[in-house]
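Hello,

Here is the structure I promised to pass on. My notes follow below it.

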Amino acid sequence: MTNQIRFFGKSLVPAREVDWEAAYQADLPRLFNFFRYRVGDDHVAEDLTAETFEKAWRNRHRYRYDLAAFSTWLFTIARHILADYFRKPHPEVSLDAAIHVSDDETVEGLIQKRSEFERLSILLAQLTDRDRELFALKYGAGLANRTIAKLVGMSESNVGTILHRVTQHLRVEWEK
């Protein structure tokens with residue numbers, strides 16, 4: 001006998017218990033970087049990351065391991081949270097007010113990092129929403145093309161081709 005539940009004539013596979021500690025350790029940096037690439041603000045990225053884990057925890061009974069990996073489910077939640085974030089109006093905050101200096105950073109290093117971040121943000125802002133999201137999922141979150149393809153509903157080869165073109169475009173623009 002299998003561990004299946006019948007619901008309106010359909011067989012449902014019950015959710016497996018997720019090791020939340022391991023999932024948090026593995027996915028926190030990737031989620032944070034995904035949000036950071038998309039919104040350009042560490043504090044907002046932290047808030048959105050926390051909101052993602054909170055929403056996943058509250059809806060943990062909905063996770064179906066037979067449909068997707070846990071990280072794929074988590075990034076699906078993150079994409080919805082990001083869409084909600086972009087729908088709301090946000091007051092503008094200057095970079096000077098948003099940046100924090102640690103004791104280990106030099107002023108020169110901080111200025112260089114800020115300059116490069118601003119430059120990258122400008123280049124990313126010129127991309128289409130789709131390209132910016134794919135770039136953030138790949139390089140911000142460190143997801144594989146196969147996982148990205150499942151998240152956005154594209155073929156893996158299409159994701160790879162688009163990312164290659166976007167990366168080449170950004171390299172050319174960076175060199176200018």
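Leaving aside its neighbours within four places in sequence, which residues is Ala 56 in contact with? They are Trp 20, Trp 73, Leu 74 and Ile 77. Contact here means heavy atoms within 4.5 Å.

Two points on provenance before the rest. This is a predicted model, in which local features need pLDDT of at least 70, side-chain atom pairs count only at pLDDT 80 or more, and totals for chains, interfaces and linings use all residues. Residues are numbered from 1 along each chain as its sequence is written, and side-chain values use heavy atoms, with hydrogens and water left out.

**Overall**

The chain has eight helices and two strands. Both element types are DSSP runs numbered from the N terminus: helices are H or I with at least four residues, strands are E with at least two. Along the sequence the pattern reads β-β-α-α-α-α-α-α-α-α. The chain has 176 residues, and 33% of them count as buried. Buried means under 20% relative accessible area, exposed over 50%, and partly exposed in between (1.4 Å probe, protein chains only). Take the contacts between residues at least 6 apart in sequence: 62% of them join residues at least 24 apart. The chain exposes about 11,700 Å², with carbon and sulfur atoms supplying 52% of it. Those areas come from the Shrake-Rupley method with a 1.4 Å probe; for residues, only the protein chains shown count as cover.

Helix H3 covers residues 70-87. Its 18 residues should span 26 Å at 1.5 Å a residue, and its end C-alpha atoms are 26 Å apart, so the two agree. The expected span is 1.5 Å times one less than the number of residues.

The buried residues of H3 are Phe 70, Ser 71, Thr 72, Trp 73, Leu 74, Phe 75, Ile 77, Ala 78, Ile 81, Leu 82 and Tyr 85. Their cover includes helix H1 (20-39), helix H2 (42-58), helix H6 (129-140) and helix H7 (145-152).

Ala 78 sits in H3. It counts as buried because its relative accessibility is 0%. Not counting residues up to four places away in sequence, Ala 78 touches Leu 31, Phe 34, Phe 35 and Thr 52. Ala 78 and Lys 55 are 23 residues apart in sequence and 9.2 Å apart in space, C-alpha to C-alpha.

Ala 56 lies in helix H2. Ala 56 is also buried, at 0% relative accessible area.

**Helix H6**

In H6, the buried residues include Asp 131, Arg 132, Glu 133, Leu 134, Phe 135, Ala 136, Leu 137 and Gly 140. Among what covers them are H1, H3, H5, H7 and H8. Gly 142 follows H6 and has a positive phi, near 70 degrees.

Leu 137 is found in H6. Its relative accessible area is 0%, so Leu 137 is buried. Beyond four places in sequence, Leu 137 touches Phe 34, Phe 75, Gly 142, Leu 143, Ile 148, Leu 151 and Val 152. Leu 137 and Phe 35 are 102 residues apart in sequence and 8.9 Å apart in space, C-alpha to C-alpha.

**The second largest pocket**

This pocket has a volume of about 170 Å³. Its lining is Tyr 37, Leu 120, Leu 123, Phe 135, Tyr 139, Thr 167, Leu 170, Arg 171 and Trp 174. Helix H5 (107-125), H6 and helix H8 (156-175) each give two or more residues to the lining. The largest share, four residues, comes from H8. The lining divides into seven nonpolar, one polar and one charged.

On terms: a pocket is an open set of points on a 1 Å grid over the protein atoms alone, where a 1.4 Å probe fits, with protein on both sides within 12 Å along at least five of seven lines; lining residues have an atom within 4 Å of a point. Points are joined across faces, edges and corners, and the volume is the space filled by probe spheres set on them. Ala, Val, Leu, Ile, Met, Phe, Trp, Tyr, Cys and Pro count as nonpolar, Asp, Glu, Lys and Arg as charged, and the others, Gly among them, as polar.

Best wishes
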